[in-house]
Every structure is written in C-alpha cells, then in structure tokens.
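Work through the exercises below with the sequence and the model side by side. Try each task before reading its solution.

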Amino acid sequence: MPQLIATGHVTHTGRASLGVGVVTVDTSVAAQYNLPVDHGVLIASVTSNGPAATARLKTGDVIIQIDNTQVTDVQSMGDALLSKSPGDTVAVTINRGGQQMTVNVTLGELPASS
C-alpha cells in the first residue's frame with residue numbers, strides 16, 4: 001500500500017518467484033507432451049537470467065515438489081511459494097526425461113504487473 005500511495009504503482013511485490021511460466025500436468029498434457037509423469041507443473045518458459053535459469057531448470061522439466069510440498073498443479077506450486085521470500089533457497093524436485101532430480105533454487109521477486 002505505501003508504494004501505491006507514494007508512486008501510484010507497485011514496484012516491489014515482495015513475493016517469491018521461480019522465474020518460470022508453467023502449465024498444470026494432467027493426463028491430457030502428459031499424453032500430448034509424452035511426459036513420464038501425470039501430475040506436477042510443466043515448465044513452458046524460463047525467464048532469461050532468472051532464478052530457474054540460474055539453477056539450470058529447462059523448458060520441458062516437470063516440477064513435482066518444492067521443499068517438502070508436493071506440487072500437483074499450478075495452484076499448489078503457488079501455495080508452496082507463498083510462505084517463501086525473495087532470496088530464500090528452496091529444493092525443487094523435477095522430472096527431466098524420466099529422471100528425477102532435486103535442484104536448489106534461490107528465489108527471485110515476482111515482478112509487479114504493469
């Protein structure tokens with residue numbers, strides 16, 4: 001609120017971000033993209049020089065867990081990030097081509113909408 005009063009717009013959201021565009025994985029999406037899993041979120045885009053790019057996450061990876069929280073859809077991923085802050089490091093478990101791996105990602109800040 002202070003940002004809106006002072007400048008008329010929000011410049012810092014204070015919300016954590018992975019720097020990815022995602023799509024919920026369901027059976028239809030899993031079949032369409034020939035994914036080895038039928039839940040989670042498919043990374044559709046990665047922000048250049050963002051947190052996910054720095055951690056070497058890629059388009060086509062499927063996020064299935066953030067820290068100890070299962071990610072089953074876009075909403076659950078958002079929920080997992082709600083309690084986090086920019087600068088926090090989280091363990092992101094992904095499925096990449098049938099292989100499961102965990103990558104540490106230092107979260108960035110969700111950009112303000114223009």
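## Exercise 1: A covered strand

β4 is mostly covered, with four of its five residues buried. The model is a predicted one.

**Task.** Find which strands β4 pairs with, and how many bridges join β4 to β3, to β6 and to β5.

**Solution.** 
- Step 1. Start with β3. Two bridges join β3 to β4, and the pair runs antiparallel. V41 is the residue opposite I63 of β4.
- Step 2. Turn to β6. Four bridges link β4 to β6, again antiparallel. Here I63 stands opposite I94, and I66 has V92 as its bridge partner in β6.
- Step 3. Q65 has Q70 as its bridge partner in β5.
- Step 4. Look at the connection. β4 and β5 form a hairpin with two residues between them. In that turn, D67 has a positive phi of about 50°.

## Exercise 2: The core around I63

**Task.** State how many residues the largest nonpolar core has, and which of them have the most contacts inside it.

**Solution.** 
- Step 1. Count the core. The largest nonpolar core has 20 residues.
- Step 2. Name the residues with the most contacts inside it: L18, L57, I63, I66, M77, V92 and V105.
- Step 3. Assign the elements. Two or more residues each come from β3 (41–46), β4 (62–66), α4 (74–82), β6 (89–96) and β7 (99–106).
- Step 4. Inspect I63. Leaving aside neighbours within four places in sequence, I63 is in contact with L18, G40, V41, I43, V71, M77, V92, T93 and I94.

## Exercise 3: V92 and its partners

**Task.** Why does V92 count as buried, and which residues is V92 in contact with beyond its neighbours within four places in sequence?

**Solution.** 
- Step 1. V92 is in strand β6.
- Step 2. Apply the cut-off. Buried means under 20% relative accessible area. V92 has 0% relative accessibility, so V92 counts as buried.
- Step 3. Compare sequence with space. V92 and L18 are 74 residues apart in sequence, and their C-alpha atoms are 9.7 Å apart.
- Step 4. Follow β6 into β7. Eight bridges join these antiparallel strands. N95 stands opposite Q100 in β7.
- Step 5. Check the turn. The hairpin of β6 and β7 has two residues between the strands, and G97 takes a positive phi near 60° there.

## Exercise 4: The largest pocket

**Task.** Describe the lining of the largest pocket, and find which element supplies the largest share.

**Solution.** 
- Step 1. Take the volume, about 230 Å³.
- Step 2. Count the lining. There are 15 residues, and A16, M77, G78, L81 and L110 lie nearest the centre.
- Step 3. Assign the elements. β1 (16–17), β2 (20–24) and α4 each supply at least two lining residues. The largest share is five residues, from α4.
- Step 4. Sort by class. Nine lining residues are nonpolar, four are polar and two are charged.
- Step 5. Link to the core. M77 is among the residues nearest the pocket centre, and M77 is also one of the residues with the most contacts inside the largest core.

Definitions and conventions: Residues are numbered from 1 along each chain as its sequence is written. This is a predicted model: local features need pLDDT of at least 70, side-chain atom pairs count only at pLDDT 80 or more; totals for chains, interfaces and linings use all residues. Side-chain values use heavy atoms; hydrogens and water are left out. A nonpolar core is a set of buried Ala, Val, Leu, Ile, Met, Phe, Trp, Tyr and Cys residues joined through side-chain atoms within 4.5 Å. Buried means under 20% relative accessible area, exposed over 50%, partly exposed in between (1.4 Å probe, protein chains only). Contact means heavy atoms within 4.5 Å. Two strands pair if DSSP finds at least two bridges between them. On a 1 Å grid over the protein atoms alone, a cavity is a set of points where a 1.4 Å probe fits but cannot get out, and a pocket is an open set with protein on both sides within 12 Å along at least five of seven lines; lining residues have an atom within 4 Å of a point. Grid points are joined across faces, edges and corners, and a volume is the space filled by probe spheres set on the points. Ala, Val, Leu, Ile, Met, Phe, Trp, Tyr, Cys and Pro count as nonpolar, Asp, Glu, Lys and Arg as charged, and the others, Gly among them, as polar.
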